[in-house]
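Try each one before reading its solution.

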Amino acid sequence: MLNLTPYILGLPLLGFLVVGLFGKRMSKAVIGGIACSAILLAFLCAVADFFSMLGQSVANRSNDVTLFHWVASGTLTINFGLLSDQLSAVMLLIVTGVGFLIHVYSIGYMGDDEGYWRFFSFLNLFVFAMALLVAADNFLFLLVGWAGVGLASFLLIGFWYTRPSAVAAARKAFVVNVIGDFGLMLAIFMLFKFFHTLDYSRIFLGISQRNVAPSPLPPPSPITGDVLTAIALLLFVAAVAKSAQLPLHVWLPDAMEGPTPVSALIHAATMVTAGVYLVARAAPIFTAAPNALVVVGIIGGASSLFAATIACVQTDIKRVLAYSTMSQLGYMFMGEAAGGFSTGIFHLTTHAYFKALLFMCAGAVIHALGGEQDMRKMGGLRSRLPYTFWMFVASGLALAAIFPFAGFWSKDAILAAIFSTAQAHTNPVWWILYAVGILTAALTGFYTFRLIFTVFLGSYRGTEVPAHGVAAVARNGNGNGNGSRNDPLANVHEVGAAMLIPMAILAVLSIIGGFDGIPRHSAIGDFLAPVLGVSPDLSGGLFWFSLLLSLAAALIGIGIAWVRYGVRQHTFAPARGLVKFLERRYYIDDLYNAVIVVPIVAVGNVLRNFAEDAALDGGSRGVARTVGATSRGLRRLQTGYVRNYALAIFVGAALIVLFYVIHP
Amino acid sequence: MQFPILSVILFLPLAGAIGAAALPRMAGWGWAMLAALADLALCIWLIVQFAAGVGGMQFTESHPWLPQIGINYALGVDGINLFLLGLNALLTVVALGASLGFVRGSDRSREYLALMLLLSTGMMGVFLATNLFLFYVFWELMLVPAYLLVGMFGGPRRAYAAIKFVLYTAVGSLLMLVGIIALGAVVSSTAHTAYSLDLATLIKNGATALPHGTQIWLFLAFAAAFAIKSGVFPLHSWVPDTYSEAPAPVVVLIAGVMAKTGAYGFIRFNLALFPDATKSLTPLMSILAVVGILYFALQALVARDFKRLLGYVSISHMSVIILGIFALNTQGIEGGVLQMVNHGIIIAALFLIAAFIESRTSSRRLADFGGLATRLPWLATVFLIAALAALGLPGLNSFAGEFLAFLGAFQASYVFGVLGTLVVIPAAWYMLRFFQGVMEGPATGVASDTVMETPTRTGKRTTRKTLRDLSWSEFAVLAPLLALMIVFGVIPGALTNRIERSVQQLLPPITASHTAPARHTASGRVELFGVHGQR
């Protein structure tokens with residue numbers, strides 16, 4: 001079997017190094033060319049690997065290569081190995097494929113930015129780190145990729161590093177992600193303690209062989225269900241941080257500070273999908289720890305509903321999409337929790353298509369409006385941005401899970417898996433999660449089309465848009481838009497081909513991208529089954545019931561959006577009451593700040609002033625002072641006068657005599 | 001006779017010191033640099049020649065000095081000190097390279113260069129000596145030049161810092177001297193042998209089998225010196241003062257190498273000589289290490305002066321090394337040794353970068369800074385790499401050492417392992433606070449003053465210096481450190497395979513120790529504070 005995985009990693013890494021080291025002196029065309037072709041070649045390698053894998057029998061589809069030895073210490077041996085199997089093949093296709101389209105889009109979007117070379121080198125680094133994350137064959141190099149993704153997101157979120165808000169957002173993203181790294185490190189320590197290895201294959205073998213550690217050394221205590229639950233939950237801590245689930249979601253909305261292509265990359269191809277991937281990769285561990293799966297389901301369900309409610313009231317175009325990502329990731333975790341690991345990955349793929357496109361469309365709108373992101377200042381853009389409008393609708397229908405768009409099939413597969421698990425278990429939590437899934441489907445329809453109607457329908461509510469960029473000026477010079485002072489949108493134009501072509505490809509994928517997962521004929525489900533198991537599914541009447549129920553919910557949501565925002569111009573009143581509560585994101589950011597950040601800094605300051613400066617520093621000075629004072633005092637005794645010494649001798653002798661008189 | 005390579009490595013810096021003291025300014029620097037480079041080359045040759053799978057000391061040298069009282073000139077190298085020699089040689093070169101500007105403009109360059117190289121020889125001797133008295137001689141020898149360097153060439157509060165440094169370290173050294181003499185006496189009287197202070201002879205004569213109570217006292221006497229040197233909580237108060245007042249090249253040697261002599265001493269003497277005491281005092285050492293790790297991280301988080309910040313960063317990381325060592329298993333100790341090397345590389349780079357920033361802006365108050373990256377993009381880039389290495393980014397060198405140390409700590413005890421590992425979160429926070437606070441955001445303070453400044457047409461001289469980016473000579477000093485951050489992050493196995501055998505030889509006496517109150521667990525129960533015999 002063909003295995004080009006080293007090249008899939010190596011090419012983006014090479015692109016990062018070349019552009020990063022020499023990009024400053026390169027022309028923009030060369031930079032864009034190097035960065036895009038690195039990812040394109042990596043994508044072609046992934047495609048070649050994929051088809052080569054399809055040509056193999058199911059038993060031979062897994063291939064592991066060891067590239068070099070990283071470290072050995074005692075019984076610990078860690079190699080840098082790359083695993084090519086069905087799961088990593090799907091992930092690599094998404095990461096490099098969608099990643100490539102975002103690269104091309106960035107050529108247009110970032111064309112005027114002076115940090116062009118920095119931007120493309122960071123983008124390549126991002127793809128490299130994500131590819132490493134999904135291709136590693138052991139948990140340690142998963143962690144290396146995991147942290148590399150965190151680094152790349154830090155660099156890109158804080159790309160415009162002179163903006164205080166971007167700097168703060170980058171730091172927040174990094175530190176919250178390090179909380180996840182902490183969880184992953186502890187999970188790794190636990191795995192080593194009980195399995196004496198960090199390789200996926202040997203750990204999963206150990207679990208399947210029921211408490212037999214695949215090592216000459218016995219584990220310190222039997223690998224019980226509790227141990228596996230602890231490991232699974234620690235892995236999930238990492239997944240929660242990376243995939244922005246409750247309660248570690250706070251970084252994701254702020255990550256909007258990065259340029260819009262970065263948002264597309266973070267939300268679609270790289271970064272947030274890593275958590276979903278991790279749970280799928282560790283499926284044997286989670287399957288053996290059913291209690292942990294219930295936690296995964298509850299967190300996923302809570303996050304999906306929580307984020308959807310916030311998305312309904314946000315007024316920043318990118319923030320709506322950010323919360324929708326969090327909500328959709330919640331769906332993926334719910335699907336995985338219900339045992340449908342492949343449904344989670346399936347939804348990950350369709351979500352990558354339509355969410356990348358949504359962000360690109362949003363970027364096109366922002367680009368056209370000269371940086372404006374506030375939906376309240378938009379409206380009526382449909383005639384100005386016709387292609388963007390229709391592609392926004394296509395991706396919006398996919399997000400709202402309307403038949404036959406991509407998101408419909410994958411969301412339905414998840415809901416079916418939850419329904420089926422609810423039937424099989426006595427635990428009522430699965431029924432609640434199913435209800436949450438349906439309710440969130442309605443909210444998704446609502447907020448998606450609230451966004452579309454507000455931005456594209458009605459009339460324009462903003463101020464005049466200044467011409468921006470060389471292209472816009474040139475067009476105006478041609479007399480095309482020299483116009484009317486009455487038209488504030490005179491300078492608004494559809495984006496260029498470099499941005500439209502990748503958008504069009506993703507639009508096609510948003511429409512047809514779910515056909516590989518049609519219920520009961522799910523090609524992707526069958527392909528992934530050897531790694532992830534068969535997802536629970538519904539049959540007969542229940543299947544149709546669930547399908548129609550979720551579709552109806554989404555349509556109701558869209559209908560409400562139409563009534564409130566579509567048929568007539570909506571006026572945005574200042575938020576009050578519940579809306580205010582939602583708009584302030586349940587006050588969670590403020591809560592964390594008040595309960596965690598401020599107290600830590602305060603304690604640190606108090607300790608500096610009292611423990612460091614007063615007690616320790618003062619203490620050591622105090623010792624010095626005491627020694628000095630004592631010796632000065634003692635010096636005073638040595639007066640040199642014989643009479644004083646005589647007196648001292650006399651007193652001493654008297655005391656000795658007195659002692660013996662009292663104590664005969 | 002075999003070529004005495006260890007003696008040559010040991011005394012080459014001394015030869016450099018003598019030459020530097022005799023020669024005029026730049027010639028002296030050239031001579032010193034030549035000696036340091038030759039020493040580095042010899043250390044690299046030694047690392048290549050070192051037999052990885054062999055236990056015990058290699059390239060040993062031993063000559064009687066005062067044999068009547070057990071004092072010999074005895075040197076040796078094994079997996080534990082091998083890379084520390086290389087680190088010392090490398091950082092001596094780096095420190096001399098970073099001193100070039102100072103030497104050019106100073107009247108006291110001879111003293112300065114001679115003292116730097118004398119310090120280097122002293123630290124070489126500390127790492128190489130296998131006789132306890134010889135060790136003590138070099139231990140004191142390294143103290144004197146360090147004191148003079150801080151006191152003569154430091155910042156405005158140099159006198160205070162130097163006195164504090166000397167008082168702290170002298171107290172520790174004296175306790176250790178008492179311990180050394182007592183150990184020799186106790187062993188010779190117990191075993192009825194001649195008085196000897198050779199490490200190997202002491203172990204052969206049953207030093208490791210001394211009564212538990214005696215071991216405890218001796219352990220504590222040695223530990224006092226080592227804990228102070230490596231800045232173990234709460235004996236660290238000298239560290240922020242010394243590190244922030246000493247000139248940067250001196251801090252490179254003090255924080256980069258000298259701090260390691262403490263951690264090294266714990267392994268070489270406490271663990272090797274007092275296994276029973278080690279086992280029973282492990283909880284104490286682990287608690288101090290964990291408290292230090294988190295407490296220093298918190299202090300780094302609120303520090304207002306970035307050199308003090310780096311001082312706390314340094315001792316927080318040193319405490320990770322101590323935690324790894326007292327995990328008492330292969331991964332922990334090996335991680336500790338590996339991390340000594342990695343930490344030396346990183347902290348040296350960070351202090352140099354801090355000095356580069358200070359020399360351009362005449363400030364080290366964090367509040368004065370913001371947005372320097374627009375003015376100094378290359379300095380910002382190297383700073384970012386060093387900062388990422390310092391916060392333990394997987395793929396860079398510090399991660400490998402910290403990972404092994406934490407892994408070892410976790411195998412030994414869940415509580416210490418989890419609490420120690422927790423530091424990765426504040427570490428990310430304080431490093432980014434430092435990096436972003438100086439480099440990113442809108443150009444304020446020192447950066448904005450310079451941005452606003454425009455050359456006047458009259459040619460009137462402005463008081464502010466224009467900020468210039470990293471110069472080639474500055475980059476040349478940092479380049480080897482940056483390269484090693486990446487290389488040792490990608491292939492840490494190249495180091496651990498030479499460290500491993502020596503670490504594994506340390507462990508059997510400790511794990512076999514029965515004197516300490518054993519904490520056997522019922523099968524299936526997970527023990528919380530106990531130490532597993534697992535390797």
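**Exercise 1.** How many residues does the largest nonpolar core have, and which have the most contacts inside it?

This is a predicted model, in which local features need pLDDT of at least 70, side-chain atom pairs count only at pLDDT 80 or more, and totals for chains, interfaces and linings use all residues. Residues are numbered from 1 along each chain as its sequence is written, and chains are lettered from A in the order in which they are written.

Step 1: recall that a nonpolar core is a set of buried Ala, Val, Leu, Ile, Met, Phe, Trp, Tyr and Cys residues joined through C-beta atoms within 7 Å.
Step 2: the largest such core has 453 residues, with Leu235(A) and Ala356(A) having the most contacts inside it.
Step 3: helix H6 (residues 164-195) of chain A gives the most to this core, 22 residues; helices here are DSSP runs (H or I, at least four residues), numbered from the N terminus.

**Exercise 2.** Is Gly183(A) buried or exposed?

Step 1: find Gly183(A) in helix H6 of chain A.
Step 2: Gly183(A) is buried because it has 22 C-beta neighbours inside 10 Å (buried means 20 or more, exposed 12 or fewer, partly exposed in between, with C-beta atoms placed from the backbone).
Step 3: beyond its neighbours within four places in sequence, Gly183(A) is in contact with Leu234(A), Val237(A) and Ala238(A) (contact means C-beta atoms within 7 Å).

**Exercise 3.** How many residues does each chain bring to the contact between chains A and B?

Step 1: chain A brings 43 residues and chain B 48 residues.
Step 2: on the side of chain A that touches chain B, H6(A) has the largest share, 14 residues.

Notes:
Helix = DSSP H or I, 4+ residues; strand = E, 2+ residues; numbered from the N terminus. Contact = placed C-beta atoms within 7 Å.
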